[in-house]
Amino acid sequence: MDKAKTAEAIRQGKTILGIEFGSTRIKAVLIDEDSRPIAAGDHGWENRLENNIWTYRMEDIREGLQDCYSCLKQDIMEKYQVVPKSFSAIGFSAMMHGYMAFDEKDQLLVPFRTWRNTMTEEAAGKLSELFRFNIPQRWSIAHLYQAILNREEHVKNICFMTTLAGFIHWKMTGKKVLGIGDAAGMFPIDSEKKDYDADMADCFDRLIEDRKYTWKLRDILPRVLKAGEEAGTLTEEGARLLDPSGDLEPGIPLCPPEGDAGTGMAATNSVRVRTGNVSAGTSIFAMAVLEKGLSDYYREIDMVTTPDGEPVAMVHCNNCTSDLNAWVSLFAETLQTFGVDPDPDTLYGNLYRKALEGDADCGGLLAYNYFSGESITGFEEGRPLFVRKPDSRFNLANFMRSHLFTSMGALKNGMDILVKQEKIALDKMYGHGGLFKTRGVGQRFMAAAIHTPVYVMETAGEGGAWGIALLASYMAHKTEEESLADYLSEKVFHGEEGTAEEPDASDEEGFERFMERYNRGLPVERAAVEHLI
């Protein structure tokens with residue numbers, strides 16, 4: 001679409017808006033009828049540690065939303081000389097989990113507790129045992145139950161609780177609803193009924209019966225909606241909240257608000273059963289869309305859903321590339337000492353490709369990338385560590401290979417539960433994030449780690465704001481019987497799957513030997529945590 005046609009589409013309100021609240025950035029993306037990004041805006045923000053709770057204040061949310069949208073309007077004006085007044089649809093998404101509880105007057109009862117807080121260990125453990133279903137500390141139900149265990153006064157006054165995405169959507173439309181993927185980070189979902197698990201909800205109500213609260217759990221949770229369903233329209237109040245200038249008109253339909261996991265799945269075309277995606281940057285997580293639920297629960301595996309309600313197994317690890325980046329920075333400093341100053345892409349590319357020359361098992365070298373704790377392997381704290389035996393093959397290729405392998409080590413332990421114990425079938429996984437930027441390296445090693453072909457697409461870099469815009473577009477443009485998976489594959493990605501790396505047998509065998517060393521060496525990492533204080 002040329003610039004004149006794009007400007008006319010904006011003027012006629014035929015474009016789609018997606019806004020996502022990430023941990024450090026709020027981003028808005030405007031897409032055309034072919035799902036191509038045509039304008040963007042963003043706003044940087046940071047969470048605050050107040051009274052030992054990681055939070056964002058309500059004014060942070062409001063000001064960030066308005067500034068982000070204002071930046072989008074400015075980008076549209078600069079590119080197309082048009083002031084947007086309407087859209088075909090809007091979608092909001094945000095980081096999942098956390099705790100936002102409101103009273104009967106719609107007032108926030110306690111400061112927003114984000115996913116980053118780790119104050120709910122007791123509650124998460126008890127609920128996991130009670131439900132026989134893994135409840136991570138960051139889930140909303142863990143925060144609620146911990147508040148109950150702590151006998152916090154506000155709990156008796158709760159009339160509604162939701163996530164950040166659900167809150168923003170509520171203020172835009174007046175509707176207390178949530179996309180099923182985001183809802184799955186509040187409370188377990190029954191993927192057959194596409195709603196909260198009724199037996200577990202009843203179990204929770206019985207658990208807290210002696211507290212004599214006036215509410216039942218399902219009374220205070222947002223209503224669950226699937227991708228494609230309409231979730232309300234922009235009210236006059238919502239339009240003024242988003243665009244205080246008064247340019248934006250009410251009446252625009254909104255799709256169900258989603259979490260960042262669901263928008264990541266949409267942005268990587270990985271919502272179909274037997275596919276999934278791996279996001280690898282500062283942290284790393286993998287999401288696999290299952291044909292059916294798991295046979296048992298595992299504390300290493302989170303069970304969530306796709307935006308249309310299919311069960312998803314999620315392996316989330318806190319550490320990925322931070323230690324690797326630190327070593328690359330050291331090599332850059334070394335080169336600069338000799339008067340050489342390579343650009344970052346060249347430096348990373350050459351060092352990553354050097355790892356391809358290494359021994360399959362990294363020559364006996366061992367590294368741990370634990371900048372912070374790692375729940376998969378049972379660490380509450382971490383210490384970056386590199387160790388070798390005197391007879392290990394210590395060279396640059398093996399050094400880089402060991403650090404690339406260890407960036408996936410904790411994730412592999414979790415994925416091995418799915419692939420080896422649960423025997424789940426995966427046809428392909430889509431990779432995105434900094435680890436995959438150098439073609440054919442991180443992608444190849446990931447394929448070996450999870451025994452599955454790994455694809456990388458250029459569009460994966462568009463991110464979650466694009467993902468929620470795609471979900472809004474699906475609601476606005478889908479045919480009656482068109483599934484989300486078919487819509488994304490045929491209407492957005494047009495059959496393109498990106499470049500693929502198949503698992504290499506030698507890499508797979510070498511990775512398995514490396515992991516034997518990795519798991520045997522965990523007491524060394526624990527000793528480092530205990531003694532390096």
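A crossing of two helices is left-handed if the near helix is turned anticlockwise from the far one by less than a right angle. The model shown is predicted.

**View 1. Helices H1 and H2 cross left-handed.** Helix H1 covers residues 3-11 and helix H2 covers residues 58-80. They pack at an angle of about 140°, and their axes are 10 Å apart. Angles over 145 degrees count as roughly antiparallel. H1 and H2 are therefore oblique to each other. H1 brings Lys3, Thr6, Ala7 and Ile10 to the contact. H2 brings Ile76, Lys79 and Tyr80. Of the residues in this contact of H1 with H2, four are nonpolar, one is polar and two are charged.

**View 2. Helix H11 packs with helix H13.** H11 spans residues 322-337, and H13 spans residues 396-407. The angle is about 150°, with the axes 9 Å apart. That makes H11 roughly antiparallel to H13. The crossing is left-handed. From H11, Asp323, Leu324, Trp327 and Phe331 take part. They meet Leu396, Phe399, Met400, His403 and Leu404 of H13. The residues of this contact of H11 with H13 are seven nonpolar, one polar and one charged.

**View 3. The largest nonpolar core holds 133 residues.** Leu144, Phe204 and Trp215 touch the most other members. Helix H16 (residues 464-477) gives the most to this core: nine residues. Apart from this core lies another, of 41 residues, including Ile38, Val82, Met95 and Phe160.

**View 4. Leucine 144 and its contacts.** Neighbours within four places in sequence are left aside. Leucine 144 then contacts Tyr99, Val155, Ile158, Met161, Phe204, Trp215, Leu217 and Ile220.

How values were computed:
Residues numbered from 1 in each chain as written. Predicted model: local features only at pLDDT ≥ 70, side-chain atom pairs only at ≥ 80, totals over all residues. Heavy atoms only, no water. Core = buried A, V, L, I, M, F, W, Y, C linked by side-chain atoms within 4.5 Å. Buried < 20%, exposed > 50% of the residue type's maximum accessible area, 1.4 Å probe, protein only. Helix = DSSP H or I, 4+ residues; strand = E, 2+ residues; numbered from the N terminus. Contact = heavy atoms within 4.5 Å. Axes fitted to C-alpha atoms, helices over the stretch in contact; angles between N-to-C directions. Parallel < 35°, antiparallel > 145°, perpendicular 65-115°, else oblique. Nonpolar A, V, L, I, M, F, W, Y, C, P; charged D, E, K, R; others polar.
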